[in-house]
Amino acid sequence: MNLQTAQTTTIADESAIRAFSRQMIDAWNRGSGEGFAAPFSETADFITFEGTHLKGRKEIAAFHQQTFDTVVKGTRLEGEVNFVRFVNSQLALMLVAIGVILPGQTETSPSRDSLPLYVVTKGNEGWQIEGLLNTRKLTLERQFFLDDFDSLSAEAQRQVTDLVVSLKQRHQAE
């Protein structure tokens, strides 16, 4: 951050930006799509971890409410802000490390770890999220496994999947 940016941004600015992460985690844990989307601008862009592009606060809220009610129902988030970097007095980036606790579990599931990157702007209404790119945190070992899996025939992929299901069932029975 240059000297001019340092002079025009405050601790309150950084605190306001950091608060978005906690607000969104709390809303996720309550299952509130509207609360989750509240820090976003009306025209924000949100790219989900699997590549879905959501446009605007209303679409972000609706998408998340539908997922809270179905596929991620009962999950909980934990998170920590890695950094906030001011590009200038009205533009900042924030990186957050997020872990997901699956229903019935007490620890985060490493395969669900993500690193969302926020683009935050300051306007007449204060700080708002203009963009969020959510990406899964993926070790090289997991990536190599996925590359190997993708190189298999459909039949071999089915056999690997069946083996994983069988091992999981056996492990849960122990």
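The side chains of D162 and R158 meet in a salt bridge, 2.5 Å from N to O. The term means a side-chain nitrogen of Lys or Arg within 4 Å of a carboxyl oxygen of Asp or Glu. This is a predicted model, in which local features need pLDDT of at least 70, side-chain atom pairs count only at pLDDT 80 or more, and totals for chains, interfaces and linings use all residues. Residues are numbered from 1 along each chain as its sequence is written, and side-chain values use heavy atoms, with hydrogens and water left out.

R158 also pairs with E155, where the closest N and O atoms are 2.5 Å apart. Helix α6 (residues 154-173) holds both E155 and R158, three residues apart, about one turn of the helix. D162 and R158 lie in α6 too, four residues apart. Helices (H or I, at least four residues) and strands (E, at least two) are DSSP runs, numbered from the N terminus.

How exposed are these side chains? R158 is partly exposed, at 43% relative accessible area. E155 is partly exposed at 40%, and D162 is partly exposed at 39%. Buried means under 20% relative accessible area, exposed over 50%, and partly exposed in between (1.4 Å probe, protein chains only).

## A salt bridge in α2

The whole structure has seven salt bridges. One of them joins R18 to E14, with the closest N and O atoms 2.9 Å apart. Both residues lie in helix α2, four residues apart, about one turn of the helix. R18 is partly exposed, with a relative accessible area of 33%. E14 is partly exposed as well, at 26%.

## The largest nonpolar core

The largest nonpolar core has 30 residues. Such a core is a set of buried Ala, Val, Leu, Ile, Met, Phe, Trp, Tyr and Cys residues joined through side-chain atoms within 4.5 Å. I17, F36, F40, I60, M94 and Y118 touch the most other members. Elements that give two or more residues include α3 (33-37), β1 (40-47), α4 (57-69) and β4 (91-101). Helix α2 gives the most, with six residues. In soluble globular proteins, nonpolar side chains tend to be buried together.

I60 is in contact (heavy atoms within 4.5 Å) with F36, A37, F40, A44, F46 and L54, leaving aside its neighbours within four places in sequence.

## Pockets

The largest pocket holds about 720 Å³ of space. On a 1 Å grid over the protein atoms alone, a pocket is an open set of points where a 1.4 Å probe fits, with protein on both sides within 12 Å along at least five of seven lines; lining residues have an atom within 4 Å of a point. Grid points are joined across faces, edges and corners, and a volume is the space filled by probe spheres set on the points. Of the 30 lining residues, F49, V100, R112, N134 and R136 are the closest to the centre of the largest pocket. Helix α2 supplies the largest share of this lining, four residues. The lining divides into 18 nonpolar, seven polar and five charged residues. Here Ala, Val, Leu, Ile, Met, Phe, Trp, Tyr, Cys and Pro count as nonpolar, Asp, Glu, Lys and Arg as charged, and the others, Gly among them, as polar.

The second largest pocket holds about 220 Å³. L102, Q105, K168, H171 and Q172 line it. That lining divides into one nonpolar, three polar and one charged residue.
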